[in-house]
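Here are my notes for your first read-through. Keep the model open beside them and find each residue as you go.

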Amino acid sequence: MPHYTAKVYVTLKPSILDPQGRTVERALSHLEHDNVSGVRIGKYIELNLNGEKAEVEAQLRDITENVLSNPIMEDARWELTEA
């Protein structure tokens, strides 16, 4: 049975305020990194999955949309590679 590694990236939608990103941006400015702006904080998740590629992709889509992210507030994307 094939083995896959999935990398899932979850970020807040652009219309959602990101107080954590804003805090990091201010800290960077105080550290004289004045050329940095638009900092957004997100999540990175790795998963190992076994199965046929089409089934794994469908399962990963379901996990990403229904468990790892909130589609109302967050955008999510994933990459799948054979391990």
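**Notes on the side chains**

1. Start at Asp18. A polar atom of its side chain lies 2.9 Å from the backbone nitrogen of Gly21. A polar contact is a pair of N or O atoms within 3.5 Å; within protein, one must be able to donate a hydrogen and the other to accept it, and residues adjacent in sequence count only if both atoms are side-chain atoms.

2. A word on the source. This is a predicted model, where local features need pLDDT of at least 70, side-chain atom pairs need pLDDT 80 or more, and totals for chains, interfaces and linings use all residues. Residues are numbered from 1 along each chain as its sequence is written, and side-chain values use heavy atoms, leaving out hydrogens and water.

3. Where is Asp18? It is in the loop between S1 and helix H1 (19-30). Helices (H or I, at least four residues) and strands (E, at least two) are DSSP runs, numbered from the N terminus. Asp18 touches Leu12, Val39, Arg40 and Ile41, leaving aside residues up to four places away in sequence. Touching means heavy atoms within 4.5 Å.

4. Asp18 is buried but has no salt bridge. Buried means under 20% relative accessible area, exposed over 50%, partly exposed in between (1.4 Å probe, protein chains only). A salt bridge needs a side-chain nitrogen of Lys or Arg within 4 Å of a carboxyl oxygen of Asp or Glu. The nearest side chain of opposite charge is Arg40, 4.2 Å away. Lys and Arg count as positive, Asp and Glu as negative; His and the chain ends are not counted.

5. How many salt bridges does the structure hold? Four. One of them joins Lys13 and Asp75, with the closest N and O atoms 3.3 Å apart. Lys13 is in the loop between S1 and H1 and Asp75 is in strand S3 (residues 74-82), so this pair ties together parts 62 residues apart in sequence.

6. Glu74 and Lys43 also form a salt bridge (3.6 Å, N to O). Glu74 is in strand S3 and Lys43 in strand S2, 31 residues apart. Glu74 is buried at 17%, whereas Lys43 is partly exposed at 40%.

7. Arg22 and Glu25 meet in a salt bridge too (3.3 Å, N to O). Both lie in helix H1, three residues apart, about one turn.

8. Look at Tyr9. The charged end of Arg77 sits over its ring, 4.2 Å from the centre. The test is NZ of Lys or CZ of Arg within 6 Å of the ring centre and within 35 degrees of the ring normal. Tyr9 is partly exposed, at 25% relative accessibility.
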